[in-house]
Amino acid sequence: MMSGAGKMKPEQIIHDLQLKPLAVEGGNFAEIYRGPHGTSIYYLLHNGECSKWHKIKSDEIWYYHAGAPVLQLMIHPDGRLEKVIIGPDTDKGQRPQNVIPGGVWQTAILLPGSKEKWGLFGAAVFPAFKYEDFIGAEDDEIELEYPHLAETIRSCMNPPNKKRYGRIILFCLIPWLVLLAWLGVARIHNSWSEGGENLPHYEFRGMFLHNATYHLSHERNLVDFDTTEEEFRILARKFQHPLEEITKPVRVSNMEDVKSSGVSFDQRYLWINSGIAVVYQKPSGGGYKFVFDRTTKRGYYRDKAH
């Protein structure tokens, strides 16, 4: 376990350990070992993040390193729910390690009320982790599959004190929301069009696109986010449309003098020469096209009509 955790900041840990967003699960990670028989990563949760529901084929072991403890929920194949708190205080029933057998649904939530608002953990997988072994699920999908656990899961995901603080925060925000409405949302909308907004999370259909950079032109929206081709393919499965191989230059979006770190834009267009794409068709009509650029190792989505 790390000393001096109370003085540490999650942003510094992310920088020091070179952590990157884990788009398919949430949180930030860095793989520190991969061998024929196993893999090991650093894994950090902060600012209300959670490890989303998922299961893998291999056995996994979580290790506590620093910060807030985490509540891990596990649903076994027989429908049994198991709860384990991974943390340093063994006298309070916490455990520094926990084993999750392969094929078991799991999620992890930072304990509310902790002094630190972040937690750093390790996770080792045996045999070695493969992205194709990862199966994710949304909260409502888990509740539909295990209705007898729905109430218990909700109480763990939304503890009473969190709801109380949420109501207090909402009550304090009401005057500011009224003021913003009076000033006019259009003024905020126009300020975004001059350069884009860096968001810690950008959620689209329940998927967290971490470190997303949001760009807004007068005609189209474009979001670009850190990812890998393997992670992009996992995200693409959600849409139940075939992946398209990009074999000739594709214009992603109509921009207006927008510059983004690591990505080269000319005055109006961003072109992708090699990558893959998938379409999401909205039930109400229209949709979006998600694109992965192999050159920049970035993902994008934009209005499908463009």
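1. The count comes to 8 salt bridges, a salt bridge being a side-chain nitrogen of Lys or Arg within 4 Å of a carboxyl oxygen of Asp or Glu. This is a predicted model, in which local features need pLDDT of at least 70 and side-chain atom pairs count only at pLDDT 80 or more, while totals for chains, interfaces and linings use all residues. Residues are numbered from 1 along each chain as its sequence is written, and side-chain values use heavy atoms, with hydrogens and water left out.

2. Lys57 and Asp133 form a salt bridge through their side chains, at 3.8 Å from N to O. The pair links distant parts of the chain, 76 residues apart: Lys57 lies in the loop between β4 (50-55) and β5 (59-67), and Asp133 in the loop between β10 (118-126) and β11 (135-136). Strands here are DSSP runs of E with at least two residues, and helices are runs of H or I with at least four, numbered from the N terminus.

3. Lys57 is exposed at 66% relative accessibility, whereas Asp133 is buried at 12%. Buried means under 20% relative accessible area, exposed over 50%, and partly exposed in between (1.4 Å probe, protein chains only).

4. A salt bridge also joins the side chains of Arg80 and Asp78, with 3.8 Å from N to O. Arg80 is partly exposed at 42%; Asp78 is exposed at 59%.

5. Arg154 and Glu143 pair at 3.0 Å, N to O. Arg154 is partly exposed, at 45%.

6. Glu229, Arg233, Glu245 and Arg294 belong to one network, joined by salt bridges that share partners.
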